[in-house]
Amino acid sequence: MTERIKKLRGLMNEAEVDAFFVTRPENLFYLSGFSGSAGSVLVGREQSYLFADFRYIVQAAQQSPGFIIVEVPGSSHEQLHKVLEQEAVVTLGCEGDHLAYSQYVALQEGLSEIDLKPFDGLVEKLRLSKDNDEIATLEEAVRLADEAFKEILEAIKPGKQEREVALQLEYAMRRRGAERAAFTIIVAAGRRSAMPHAVASEKTIQYGDLIIMDFGAVYRGYHSDITRTVVLGKPACCQLEIYDIVLEAQQRGIAAVRPAVKAMDVDRAARDVIEWYGYGKCFGHSTGHGLGLQIHEKPWLSARDETVLQPGMVVTVEPGIYLPGWGGIRIEDTVLVTPDGHRVLTRSPKQELIALG
Ligand code: ZN
Ligand code: ZN
């Protein structure tokens, strides 16, 4: 944590602010280790403060050694103002992309002498490349999802509802130690698999259905994200054909992941394959996204993101082909950028379309 605060102070220096006020929960956790649902952090030039209400004082002291814990009644900024005065802050940075406008106004009211400067993604800049602890935690989150996938393959039978599959995936992850599912689990069978973000419904799974399962686990705050598409019964040849195209696109995308490559180039590599086979219009979303303390974070593996990949970044690679009225196929892995290329963290099998039953 101290290393992270040090790096933030470096950015604060560049941005010419005396102190930085952090409200986004993920950034709060990243900097202080505090996991309560309400609180804020002020990083000054030398001291760091954690503001929390009565419910969290003991927890804050345990989770955030090195921080001065300040108890605040509700959402009042009175204590913060006192600290700012004490610290002789002239310019205060805040998270312009998170702080609600009403909070911004309330904050500014008591700060007549202080210049309040909003920033976009200052702490997020630090979060882009994960350190070894974060990578180990992410690997565990990925492992929990892999284990759940292995288990669900035994459980999918004709007549089972999509939402039963989703529930079972979540149970399998949580039983092994996941805090929760990383997002609302997607299970989409048959024609519904043509909707890239179909939340699990009451639809019962039938022979011949393609089944897209997109899910992940949260472990110690970190998210994993995996998609596998399987078929119930003997696969039709067009299902095999489309699966192989998506797999080829995904592998090309993964092969492009390495330091110094732009995020948009990974998207291009995967998209080129799908376009070459004539399905470009059936792949309407981006190829992937960063993940960590949030399920979707920078960099975006999209046509427009020029972020240059660096070791420690963790991204998903998840191309898909969706044909309305027929179904869809998506394959998604979590991939770590390493100094000499990449390492695929997801271990679930994908080399061929898995046929169940
Ligand atoms: Zn996903
Ligand atoms: Zn994803």
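Is Cys282 buried or exposed, and at what relative accessibility? Cys282 counts as buried, because its relative accessibility is 17%, and buried here means under 20% relative accessible area, with exposed over 50% and partly exposed in between (1.4 Å probe, protein chains only).

A quick word on the ground rules. This is a predicted model, where local features need pLDDT of at least 70 and side-chain atom pairs count only at pLDDT 80 or more, while totals for chains, interfaces and linings use all residues. Residues are numbered from 1 along each chain as its sequence is written, chains are lettered from A and ligands numbered from 1 in the order in which they are written, and side-chain values use heavy atoms, with hydrogens and water left out.

Back to the cysteines. A disulfide is a pair of cysteine sulfur atoms within 2.5 Å, and by that rule the count is zero. For Cys237, the nearest cysteine sulfur belongs to Cys238, 5.5 Å away. Cys237 is exposed, at 63% relative accessible area. For Cys282, the nearest cysteine sulfur is again that of Cys238, at 13 Å.

Now to the metals. Donors are N, O and S atoms within 2.8 Å of the metal (3.2 Å for Na, K and Ca), and water is not among the atoms, so sites may look incomplete. The zinc ion (ligand 1) takes two OD atoms from Asp214, an OD from Asp225 and an OE from Glu332, at 2.0 to 2.6 Å. The zinc ion (ligand 2) is held by Asp225 (OD), His289 (NE2), Glu318 (OE) and Glu332 (OE), at 2.1 to 2.2 Å.

What about geometry? Four donors count as tetrahedral if all angles lie between 85 and 135 degrees; four count as square planar and six as octahedral if opposite donors are over 155 degrees apart and all others between 65 and 115; anything else is irregular. Angles at the zinc ion (ligand 1) run from 54 to 150°, and that site is irregular. Around the zinc ion (ligand 2) they span 77 to 153°, which makes that arrangement irregular too.

How far apart are the zinc ion (ligand 1) and the zinc ion (ligand 2)? They are 3.1 Å apart, and Asp225 coordinates both. In terms of DSSP runs (helices are H or I, at least four residues; strands are E, at least two; numbered from the N terminus), Asp214 sits in strand β9 (residues 210–215) and Glu332 in the loop between β17 (327–330) and β18 (333–338), 118 residues apart. Asp214 and Glu332 are both buried. Asp225 is buried at 4% relative accessible area, and Glu318 is buried at 8%.

Next, the rings. Rings of Phe, Tyr and Trp (its six-membered ring) pair if their centres lie within 6.5 Å; planes under 30 degrees apart count as stacked, over 60 as edge-to-face and the rest as tilted. By this rule there are three aromatic pairs. One of them, Phe20 with Phe119, is edge-to-face, 6.1 Å centre to centre with 65° between the planes. Phe20 is in strand β1 (residues 19–22) and Phe119 in strand β6 (residues 115–119), 99 residues apart. Phe20 and Phe119 are both buried. Phe34 and Tyr56 have ring centres 5.6 Å apart and planes at 85°, so this pair is also edge-to-face. Phe34 is buried, as is Tyr56.
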